[in-house]
Amino acid sequence: MGKQICKLLLGMLCTVSLLGCAGTEKQQTQAESEGADAQAGTEKQQTQADTEDTKTVQLTVWGAKEDEKLMGQVIQGFLEYYKGKADFQISFAAQGESQCKDVLLGGLEEGADVFAFADDQLNALAAAGAVEPIGQADDIKSRNLPATVDAATINGQLYAYPLTADNGYFLYYNKRYISPEQAKTLDGILNAAAANGRVFAMDWSSAWYVYAFFGNTGMKIGVNDDGITNFCTWNQADGDIRGIDVAQAMLRISANPGFSSRTDEAFLEGVKDGSVVAGVSGVWNAVAIQQAWGEDAGASRLPTYTCGGSQVQMASFSGCKLIGVNAYSSHPKWAARLAEWITNEQNQKLRFEMRGQGPSNKKVAESAQVRQSTAIAALLSQSEFSQLQRIGGKFWDPVSEFAQNMAAGNPSGKDLQEQLDAMAQEVCAR
């Protein structure tokens, strides 16, 4: 995937974004007077939606908890723009994007009409009939980065609306405690953190982040041609770097007083209270970290770590976020209009301003404001060592269990090769 996100994010380096803010009169005027391309598809859908002879339109939107304030403004903008078209009752509910598929498929008819989700869930959602091909897709394709369009496409059909081009991770560090030179190696980061009575944080309960240790070792992980089962060589017992070398490296890291395995939420809490001076996360935390650390906020590609006597560059998974429309929505055309509104040019600009998230919209992605983002620059640098996340469902739990045991220092003392073999077997299970 690393090469794909390169294509996706390298497009972030050239144009001018349309100034505007969802939910304001300024945005409405701009959309009408300048004929922003972000509204093109929406206007076409308006004619379709007007054929819905419905006075009351109830819609539920799912998104990340951290997006609640942003989505409040976006929804308010939608209500003002379409005032008088219907009696709208639109509500937002927090639902993690990484779990969206499982929650939605647990009850499609009770699920949200419009929802944000990670692109690796698209195939399963489409196979289950939760999302359907989008009409008039050419407008949407033309204004979004090609790689995000590819991520939202199955067999040539667009099934979702591209929202971001930044679903990856990299290193944040506080320059007051850690120098740019120290930030190049995990050893340097850990030693500097420990010397200051603080920690480097990374979530080893999440297999998504644990890929960082295995992804650039020559060992492989991925989904088979059936789109369901995985292949995994993380238990490799020979070669320049073996699975046991990675396991031993993780144990050394976990034993360092400068290390703490924390969830993304706990990492951010540590940033705010001063206990965390470096960590692995993504652009969704860029604004909060900048507010907490100010001029000391630094970001770069992931460091190298000591493994098998060598320095190995840490890898990453990456991808993008999409907006889907529930095929079982009672108001599918209005839901589609709302989905396109959420992902239009003005609202992607607003998302970048409020949440620091990298846009999929070409004009916003190529704007000077986005190009100047430290977090986006770090993500671009890391993209050389990233892989598109295409993993079957059996990957997550075994890797998480193994990594959490490493984080705890392998308290059972169980043989590391046996643990690696068991993990790989479960990851590849049918």
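Predicted model: local features only at pLDDT ≥ 70, side-chain atom pairs only at ≥ 80, totals over all residues.

Trainee: How do I describe two packed helices?

Mentor: Two packed helices are described by the angle between their axes and the distance between the axes. Axes are lines fitted to C-alpha atoms, for helices over the stretch in contact, and angles run from 0 to 180 degrees between N-to-C directions. Helices (H or I, at least four residues) and strands (E, at least two) are DSSP runs, numbered from the N terminus.

Here, helix α11 (residues 243-255) packs against helix α20 (residues 416-427) at an angle of about 110°, and their axes are 9 Å apart. That makes α11 roughly perpendicular to α20; angles of 65 to 115 degrees count as roughly perpendicular, under 35 as roughly parallel, over 145 as roughly antiparallel and the rest as oblique.

Trainee: Which residues make the contact of α11 with α20?

Mentor: Contact means heavy atoms within 4.5 Å. From α11 come Gly243, Ile244, Ala247, Gln248 and Leu251, and from α20 come Leu416, Gln417 and Leu420. By class, five are nonpolar, three polar and none charged. For these classes, Ala, Val, Leu, Ile, Met, Phe, Trp, Tyr, Cys and Pro count as nonpolar, Asp, Glu, Lys and Arg as charged, and the others, Gly among them, as polar.

Trainee: At what angle do α19 and α20 cross?

Mentor: The axes of helix α19 (residues 396-407) and α20 cross at roughly 160° and come within 8 Å. That makes α19 roughly antiparallel to α20. Among the residues that meet are Phe402 and Met406 in α19 and Leu420 and Met423 in α20. This contact has eight nonpolar, two polar and one charged residues.

Trainee: What is a nonpolar core?

Mentor: A nonpolar core is a set of buried Ala, Val, Leu, Ile, Met, Phe, Trp, Tyr and Cys residues joined through side-chain atoms within 4.5 Å. Buried means under 20% relative accessible area, exposed over 50%, and partly exposed in between (1.4 Å probe, protein chains only).

The largest nonpolar core has 57 residues, and those with the most contacts inside it include Phe200, Trp234 and Tyr305. Its largest share, eight residues, comes from helix α10 (residues 207-214). Apart from this core lies another, of 51 residues, among them Phe78 and Val325. As for Tyr305, its contacts beyond four places in sequence include Leu186, Phe213, Val246 and Met314.

Trainee: Is asparagine 174 buried or exposed?

Mentor: Asparagine 174 is buried, with a relative accessible area of 6%. Asparagine 174 is found in strand β7 (residues 170-174) and, leaving aside neighbours within four places in sequence, is in contact with Val277, Trp293 and Asp296.

Glutamine 95, in the loop between β2 (87-94) and α5 (100-105), is also buried, with a relative accessible area of 15%. With neighbours within four places left aside, the contacts of glutamine 95 include Trp62 and Cys100.

Trainee: How far apart are leucine 350 and glutamine 73?

Mentor: They are 277 residues apart in sequence and 9.2 Å apart in space, C-alpha to C-alpha. Leucine 350 lies in helix α15 (residues 345-355) and is buried, with a relative accessible area of 3%.

Key
Residues numbered from 1 in each chain as written. Heavy atoms only, no water.
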